[in-house]
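I opened my notebook for a slow walk through this structure, one look-up at a time. Come along and check each entry against the picture.

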Amino acid sequence: MKERLFSVLYMFVLALVFTSVVGAVNWVSRERIRLNQEIALQRIVLSVLDLLPPEAISKKEMQAIFRRRIRSLPFGDRTVYVAVAPEGDRVEGYAFPVSGPGFWGPIYGMVAVDAQVQKILGIAFYRHSETPGLGGRITEAWFREQFRGKPLHVPSPGRRFFYLKPAGTATGPDEVDAITGATETSRRLEAFLDQELKRIIPLLRQQRPTGNV
Amino acid sequence: MAADSAKSIFRKGVWGENPVFRQILGICSALAVTNLMANTFIMGVSLIFVTAMSNATVSALRRVTPARIRMMVQVLIIASYVMIVDIVLKAILPEISEALGPYVGLIITNCIIMGRCEGYARNNPVWPSFLDGIASGTGYALVLLIIAFFRELLGFGTVFGHPVMPSWWVPWTIMVMAPAGFFMLGLFIWVAYQFEKPEEKKVSR
């Protein structure tokens, strides 16, 4: 009995000590981790809006561009990033986050559209758990670049904004090549991208927020 | 057993009882993170840290820990160190932390650490246990780095991200994917056995 009590107490004290240490480390680094995530997000916003210079730039320069060119404002159920011209007098485009279920887990992406909300400027998928080399290829440039400059027509009922066609067969303005070997990822991406675009594009067209330029 | 010299601990951990190609432990992460040398290096350093610190802690507590709850205690200790590594990586090296994804967290389940805690640290003083952790971790990291060297070289044409292959080189995409991890590990074990001395072969088979 005594031995059992000791075991329980021992485990309790040990767990207390170790979780306190882990908690302390977490508390000390939490501000830094938050900052890192913010920086990663800012880089994605700038890259879909095509505002990053082609050469590699430091964190500081990147943040300076972000502060100068981007106004973030709450819009509906998410944050919209408004890109303003260098002179600060007009809107150049919008970027907004999209997300939905992939094959293995949620996929998070960012879509940028032009100021008139008539065409796609860029798209990126930055967090996912799809199979590396197959579904994971949604992060690759060839896949993302297909969306660049695509016209945005609100589809008639029952139709979708974009269709992912078997690789090499995409021809229409609303078609892009899917990923060979990743049928499920492509199918789900097509579905959630459409759902998200249907939710936000009409709203964005109607209001065209300016972020007080 | 108590008087293992540092030299013999390292000889065993890195070669004689190398966790990856002798004991075939920790294969899951060996396959998953070895397509880029930078990621592999960080993974190796993390594992060395976790194994050494867990070994030292388990050893320091070996006289007071009740035998029947020792596994629980070991898991708690290992998990704490892994979480610390995970948090620190997120704070200092966010890109690599993102690339390693869930595999840092999965160090908890890496059999090498549990194996060393249970097989060595539980019966040995703190300092040799600490060294044993570093040795086993180094053995793991070295094998992974060698595999990653070939996978990155053939799959991307780079070494630690620096392009080294001539411009006409066509990267072997298969090398970046998981199956190549199996091929390389198998080849590595084969080559490693060829270097073995004949008398060692008799003992180990």
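**Entry 1: two strands to begin with.** I started in chain A, where strand β2 (residues 78-84) and strand β3 (residues 91-101) are joined by 4 bridges and run antiparallel. A reminder to myself: this is a predicted model, so I am reading a prediction throughout. I picked out one bridge, and A:A83 has A:G93 in β3(A) as its partner. The hairpin of β2(A) and β3(A) has 6 residues between the strands, and A:G88 there takes a positive phi near 75 degrees.

**Entry 2: on to the next strand.** How many bridges join β3(A) to strand β4 of chain A? I found 9 bridges, with β4 covering residues 106-114 and the two strands running antiparallel. One pair I looked up is A:Y94 with its bridge partner A:V113 in β4(A). The hairpin from β3(A) to β4(A) goes through 4 residues.

**Entry 3: the last pair.** I followed β4(A) to β5(A) and found 6 bridges, again with the strands antiparallel. Here A:G109 has A:F125 in β5(A) as its bridge partner.

**Entry 4: two loop residues in chain A.** A:D50 has one, with phi near 65 degrees. I found A:D50 in the loop between α1 and α2 (59-69) of chain A. Is A:D50 buried or partly exposed? It counts as partly exposed, because A:D50 has 13 C-beta neighbours inside 10 Å.

A:V117 is not a glycine either, and its phi is positive at about 55 degrees. This residue sits in the loop between β4 and β5 (120-127) of chain A. A:V117 is buried, because 20 other C-beta atoms lie within 10 Å.

**Entry 5: where the chains meet.** I turned to the contact of the two chains, which takes 19 residues from chain A and 17 residues from chain B. On the chain B side, helix α4 (residues 70-92) gives the largest share, 11 residues. By class, that side of chain B has 14 nonpolar, 1 polar and 2 charged residues.

Then I looked at two helices together. The axes of helix α1 (residues 2-48) of chain A and α4(B) come within 8 Å and cross at roughly 10 degrees. That is why I wrote down α1(A) as roughly parallel to α4(B). Residues of α1(A) that meet α4(B) include A:F18, A:V22 and A:R32, and those of α4(B) include B:L76, B:M83 and B:I87. The contact of these helices has 17 nonpolar, 4 polar and 2 charged residues.

**Entry 6: one residue in chain B.** B:N18 is in the loop between α1 (6-16) and α2 (27-32) of chain B. Why did I note B:N18 as buried? Because 22 other C-beta atoms lie within 10 Å of B:N18. Beyond its neighbours within four places in sequence, B:N18 is in contact with B:G139 and B:V143. The C-alpha atoms of B:N18 and B:S136 are 6.6 Å apart, although 118 residues separate them along the chain.

**Entry 7: a look at the record.** The unreviewed UniProt entry annotates "transmembrane region" for several stretches of chain B, among them residues 24-50 and 170-193. In the model, residues 24-50 of chain B are 74% helix and 0% strand, with the end C-alpha atoms 19 Å apart. Residues 170-193 of chain B are 83% helix and 0% strand, and there the end C-alpha atoms are 31 Å apart.

Notes: Residues are numbered from 1 along each chain as its sequence is written. Chains are lettered from A and ligands numbered from 1 in the order in which they are written. This is a predicted model: local features need pLDDT of at least 70, side-chain atom pairs count only at pLDDT 80 or more; totals for chains, interfaces and linings use all residues. Two residues are in contact if their C-beta atoms, placed from the backbone, lie within 7 Å. Ala, Val, Leu, Ile, Met, Phe, Trp, Tyr, Cys and Pro count as nonpolar, Asp, Glu, Lys and Arg as charged, and the others, Gly among them, as polar. A residue is buried if 20 or more other C-beta atoms lie within 10 Å of its own, exposed if 12 or fewer, and partly exposed in between; C-beta atoms are placed from the backbone. UniProt positions are given in the numbering used here, feature names are shortened, and annotations may be inferred rather than shown by experiment. Two strands pair if DSSP finds at least two bridges between them. Axes are lines fitted to C-alpha atoms, for helices over the stretch in contact, and angles run from 0 to 180 degrees between N-to-C directions. Angles under 35 degrees count as roughly parallel, over 145 as roughly antiparallel, 65 to 115 as roughly perpendicular and the rest as oblique.
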